[in-house]
Amino acid sequence: MRFRHRAAAGFATLLLPFAGLVGLASPAQAATSATATYAKTQDWGSGFEGKWTVKNTGTTAISSWTVEWDFPSGTSVTSSWDADVTSSGSHWTAKNKSWNGSLAPGASVSFGFNGSGAGSPANCKLNGGSCDGGTTEPGDSAPSAPGTPTASGITDTSVKLSWSAATDDKGVKNYDVLRDGTTVATVTTTSYTDSGLTKGTDYSYSVQARDTADQTGPVSGAVRVRTTGGTTEPPTGDKVKLGYFTEWGVYGRNYHVKNLVTSGTASKITHINYAFGNVKNGQCTVDDTYAAYDKAYPADQSVSGTADTWDQPLRGNFNQLRQLKAKYPHIKVLYSFGGWTYSGGFGQAAANAAAFAKSCKAVVEDPRWADVFDGIDIDWEYPNACGLSCDTSGPAAFKNLSQALRAEFGQNYLITAAITADASSGGKIDAADYGGAAQYLDWYNVMTYDYFGAWDKTGPTAPHSPLTSYSGIPKDGFNSAAAIAKLKAKGVPASKLLLGIGFYGRGWTGVTQAAPGGTATGPAPGTYEAGIEDYKVLKNSCPVTGTIAGTAYAHCGSNWWSYDTPSTIAGKMSWAKNQGLGGAFFWEFSGDTANGELATAIDSGLK
């Protein structure tokens, strides 16, 4: 997509964060009969919220507690509650308040703090002993991760899970079974049958072990299970109708997953691409962790109508997408990586495609949200060509990357790619082996828009998403029909090609000529960026004055815009069906009207 990522001020993007509860142990002078575990409960880039939980694991009451730990240089506590926290250099000490020092056997208490910096606690001590609760000697280690569960005996309402045992220096006590990131059972054996499920529904299962001190180890890999029965066919026909949901849209655009419900769009699409994950150091990573899985939604902005709580395992867009899929089971969600801003990392990724694919699967299958995503979309702009940066990894790199992704993800995941629509001779389609890569991919999102725009400040004015060529078009091969024809000629099946629609316009100012081909002085003013504006704004601020090459244009005052309307979309969908294409996709949801009239036009046109 030719859009730059916009992050909200004050929220720095992070690598995959420290997750869940982490027990921290160090040698101690004496054994304790209690544990202290730490969790980072929020992270907003410039700071974070931490929580310690002290639990009495012994058989006698505790009258007071003191937790000590070290932070690395640059990390500190800025405020605290439910404990008196002091420091000496990098060493921090928290003592109970007068009212929460006593703990009966089995009881626990928590205290919290706000911090600055990015470090994690180390060298934890509880009442001078080990924080992990070893009763005979300090330094009791947490258990290892169990094996990834395998599923058998799948019915409409149940599934049997089995896994290989975890190991622990003091012995494993039991296992927590997690369904979609939430514990549904605790068992002493290495198998469990989960029942009461919904037929024809996707679930994700993982497990984690507990030792005799009640320490939990790391969560296992996840297995995806679909119960039998039900239907996998979307109710909206056999064509793909896919929209991009932007991670950063929850900020300035104030566009949230619930808008898909209130606009009526959710019932008219089949797939969502969540954009964008980042590509760093040759690996897939979550970009804005706050928007993705930490932002708390109030009841009136939540798909389910229930407010998020501070301690629930998953919040943010991922949780809202989970709720959307529960409400609209036909929708599939893919995690899209790259985009205009983040494609610079693909060259390094292609150098070790297998490692890249493995990192992507680890993100998609993170136990906290493994049920949310049904596949992965790669938006590399552009293989062996130039976008925001230039790639020189060679014509085979894209095919090799696609092959590695399919090998890693298997046949049960969707794997797709957003690709160039530059059909000029020797252009971007010719720069990579899109024909060879197609065998590994479910479909291509062909970006048949942004052909022309005010990056050419003086014009000539031209529609940014022409369906066909026309007399006077500024460049040969810059139209949808030429792109689709070239990809077909390279061996890509028509059914694996989706036609791209922009839910926005491109425009110039300083234009006196109403028809295409006029001169300009620069980009027209836009709400978020000069030269670009949402359809929902343009339909009223600069109404259509003509059409050319299957798309619309508008001349109002000194401004000239081109954009698609419900009428031109209907024509494009008819063309797509006649070409045997697999469907259509669009960038992106927030450009549509409050009642989703462009998404409705795509849905109606593909039936």
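Student: What should I know before I start reading?

Tutor: Residues are numbered from 1 along each chain as its sequence is written, and side-chain values use heavy atoms, with hydrogens and water left out. The model is predicted, and local features need pLDDT of at least 70, side-chain atom pairs count only at pLDDT 80 or more, while totals for chains, interfaces and linings use all residues.

Student: Is Ser-302 buried or exposed?

Tutor: Let's begin with the words: buried means under 20% relative accessible area, exposed means over 50%, and partly exposed is in between, using a 1.4 Å probe and protein chains only. Ser-302 has a relative accessible area of 0%, so it is buried. You will find Ser-302 in the loop between α2 (289-294) and α3 (316-327). Those element names follow a rule too: helices (H or I, at least four residues) and strands (E, at least two) are DSSP runs, numbered from the N terminus.

Student: Which residues is Ser-302 in contact with, leaving aside its neighbours within four places in sequence?

Tutor: Contact means heavy atoms within 4.5 Å. By that rule, Ser-302 touches Lys-258, Tyr-297, Gln-320 and Gln-323. For a sense of distance, Ser-302 and Thr-547 are 245 residues apart in sequence and 40 Å apart in space, C-alpha to C-alpha.

Student: Is Cys-390 buried or exposed?

Tutor: Cys-390 has 54% relative accessibility, so it counts as exposed. Look for Cys-390 in the loop between β22 (375-379) and α7. Thr-285, in strand β20 (residues 283-285), counts as buried at 6% relative accessibility.

Student: How do α12 and α13 cross?

Tutor: First, the axes: they are lines fitted to C-alpha atoms, for helices over the stretch in contact, and angles run from 0 to 180 degrees between N-to-C directions. The axes of α12 and α13 come within 8 Å and cross at roughly 30°. That makes α12 roughly parallel to α13, since angles under 35 degrees count as roughly parallel, over 145 as roughly antiparallel, 65 to 115 as roughly perpendicular and the rest as oblique. On the α12 side, the contact involves Pro-566, Ile-569, Met-573, Ser-574 and Lys-577. On the α13 side, it involves Glu-597, Leu-598, Ala-601, Ile-602 and Gly-605.

Student: At what angle do α6 and α7 pack?

Tutor: Helix α6 (residues 353-364) and helix α7 (residues 397-409) pack at an angle of about 50°, with their axes 8 Å apart. That makes α6 oblique to α7. Their contact includes Ala-353 and Phe-356 of α6, and Leu-401 and Phe-409 of α7. The crossing of α6 and α7 is right-handed; a crossing is left-handed if the near helix is turned anticlockwise from the far one by less than a right angle, and right-handed if clockwise.

Student: How many aromatic pairs does the structure hold?

Tutor: A pair of aromatic rings is described by the distance of the centres and the angle of the planes. Rings of Phe, Tyr and Trp (its six-membered ring) pair if their centres lie within 6.5 Å; planes under 30 degrees apart count as stacked, over 60 as edge-to-face and the rest as tilted. The structure holds 47 such pairs. One aromatic cluster is formed by Phe-245, Tyr-255, Tyr-274, Tyr-293, Phe-318, Tyr-335, Phe-337, Trp-369 and Phe-373.

Student: Which charged end sits over the ring of Tyr-293?

Tutor: A charge sits over a ring if NZ of Lys or CZ of Arg is within 6 Å of the ring centre and within 35 degrees of the ring normal. Over Tyr-293 you find the charged end of Arg-368, 4.9 Å from the ring centre. Lys-295 lies over the face of Tyr-297, at 5.2 Å from the ring centre.

Student: Where can I see a cis peptide bond?

Tutor: Go to the bond from Glu-381 to Tyr-382, which is cis with omega near 10°. Tyr-382 lies in the loop between β22 and α7.
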